[in-house]
Amino acid sequence: MQKRSSKKKVRSYKKRRSKAVRKIEYKKYRSKLRARAAKGHCKRSTNCKEPLAGKTQYCLQHWLDLLKNNNHGKLKENKDLNLMDIWYEQKGKCYFTGLPLVPGETSSLEHLIPLSRGGTNDKENIKFVHI
């Protein structure tokens, strides 16, 4: 019986220690990413060399990836949809007004025909607009 209890203690100590180590490593990683954003580099990846897009902490490509995956749940199901193509087709301007768009500040992704009215998540139905 004593052997089992000592093994449990060792295992629980290892788990606690590894969680603490992981927590410290995660804090270091996050602080490194914050420092990159403060210098004007993308926060998404330490390998990304692109400048920040607008007032976001990400480059344009990573900002569009986040927009597709997080804010518009059904968009991530459409693997063929490339928001970067739509952005460059519109030349970074509003589809309706032609005003220049600032990623994360004055831009929004909208459907021309709403999904509730039979619209789709195709490239032709999704446009960036000024908010």
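This is a predicted model: local features need pLDDT of at least 70, side-chain atom pairs count only at pLDDT 80 or more; totals for chains, interfaces and linings use all residues.
View 1. Look for Phe96 in the loop between H3 and strand S1 (107-111). Is Phe96 buried or exposed? Phe96 counts as exposed because its relative accessibility is 58%, and exposed means over 50%.

**View 2. The largest nonpolar core has 17 residues.** Leu64, Leu83 and Phe128 have the most contacts inside this core. Helix H2 (60-71), helix H3 (83-89) and strand S2 (126-130) each supply at least two of the core residues. In soluble globular proteins, nonpolar side chains tend to be buried together.

**View 3. Strands S1 and S2 pair in the antiparallel sense.** Five bridges join the pair. At one of them, Ser107 has His130 in S2 as its bridge partner. Why is S2 largely enclosed by the rest of the structure? Four of its five residues are buried, so the rest of the structure largely encloses S2.

**View 4. Cysteines come together here, but the disulfide count is zero.** A disulfide is a covalent bond between the sulfur atoms of two cysteines. The cut-off for counting one is 2.5 Å between the sulfurs. Cys42 is in no disulfide: its nearest cysteine sulfur, that of Cys59, is 3.8 Å away. For Cys48, the closest cysteine sulfur is in Cys59, at 3.6 Å, which is too far for a bond. Cys42 is buried, at 0% relative accessibility. Cys48 is buried too, with a relative accessible area of 9%.

How values were computed. Residues are numbered from 1 along each chain as its sequence is written. Side-chain values use heavy atoms; hydrogens and water are left out. A nonpolar core is a set of buried Ala, Val, Leu, Ile, Met, Phe, Trp, Tyr and Cys residues joined through side-chain atoms within 4.5 Å. Buried means under 20% relative accessible area, exposed over 50%, partly exposed in between (1.4 Å probe, protein chains only). Two strands pair if DSSP finds at least two bridges between them.
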